[in-house]
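Hi,

Here is the structure I promised to pass on. Have a look, and my notes follow below.

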Amino acid sequence: MTFSRTKIYNITLHNLGVSAPIQNSNQNDPRAILLNNYYEVARDTVLEAHEWSFANAFKELSTTLENSQDPNFRYAFTYPNDCISPRAIISPYDKKEKKFTPATNSNGEKIILTNHNPCRLRYTRRVDNEAFFSAAFVNALAFYLAYLSAQVITGSSNKKNTNFQDYTIAVRQAIVTDARKNVTHNQDDKDFTDYRD
């Protein structure tokens with residue numbers, strides 16, 4: 001199933017008990033305008049909650065013009081523009097994950113500090129195209145969007161609290177579903193002798 005922002009908004013409205021759907025996420029409707037205001041915050045919050053397989057990305061990092069100001073780390077690297085959350089620094093030499101920390105430089109720009117150069121970052125990227133979202137992620141996102149917008153759309157703090165509880169359950173289920181996709185069974189090291197009695 002392919003998802004769109006309009007479909008996500010209508011699921012959100014249903015979560016709030018609003019039966020009348022919107023026809024387009026960009027229509028001049030107070031509900032669509034409100035949901036557009038909350039959407040990016042909601043999407044990025046749910047993306048940050050887990051290392052989603054559809055948002056997993058890798059990038060070779062470039063060093064910054066400034067040196068690291070943290071005595072625990074030798075190198076400062078630029079932060080990818082589409083990075084929602086850095087997950088691991090990987091050394092190209094031994095392919096192992098290394099210690100790192102996100103920080104900011106003197107200009108207030110995000111950077112990544114580590115003791116390894118060169119290095120590769122594994123991170124969760126911002127995904128703007130809803131067609132890439134999994135069904136479980138959309139379910140969690142719609143509950144979180146309902147939580148953010150409940151007070152304004154319905155005037156009910158109970159709806160807000162209920163949708164936050166539903167989001168908590170939905171995101172946990174989505175994380176379990178997504179984690180199952182990442183299970184791999186490596187049989188490269190086996191040969192026919194492994195199967196003999």
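**Notes on the model**

Strand S5 (residues 100-104) runs antiparallel to S6, and 5 bridges join them. I count two strands as paired if DSSP finds at least two bridges between them. Helices (H or I, at least four residues) and strands (E, at least two) are DSSP runs, numbered from the N terminus. Within this pair, proline 102 stands opposite isoleucine 112 in S6. The hairpin of S5 and S6 has 5 residues between the strands, and glycine 108 there takes a positive phi near 80 degrees.

Before going on, the ground rules: this is a predicted model, where local features need pLDDT of at least 70 and side-chain atom pairs count only at pLDDT 80 or more, while totals for chains, interfaces and linings use all residues. Residues are numbered from 1 along each chain as its sequence is written, and side-chain values use heavy atoms, with hydrogens and water left out.

Two more backbone spots to look at. Most residues other than glycine have a negative phi, and most peptide bonds are trans. The bond from asparagine 117 to proline 118 is cis, with omega near 5 degrees; proline 118 is in the loop between strand S6 (110-114) and strand S7 (120-125). Lysine 95, in the loop between strand S3 (83-90) and strand S4 (97-98), has a positive phi near 60 degrees. At 61% relative accessibility, lysine 95 counts as exposed (exposed is over 50% relative accessible area, buried under 20%, partly exposed in between, with a 1.4 Å probe and protein chains only).

Now the inside. What does phenylalanine 133 touch, leaving out residues up to four places away in sequence? Its contacts (heavy atoms within 4.5 Å) are Phe3, Ile8, Tyr39, Arg43, Phe54, Val127, Val138 and Leu141.

Last, H1: its buried residues are Thr6, Ile8, Tyr9, Asn10, Thr12 and Leu13, and they pack against H2 and H3. Just after H1, glycine 17 takes a positive phi of about 80 degrees.

Cheers
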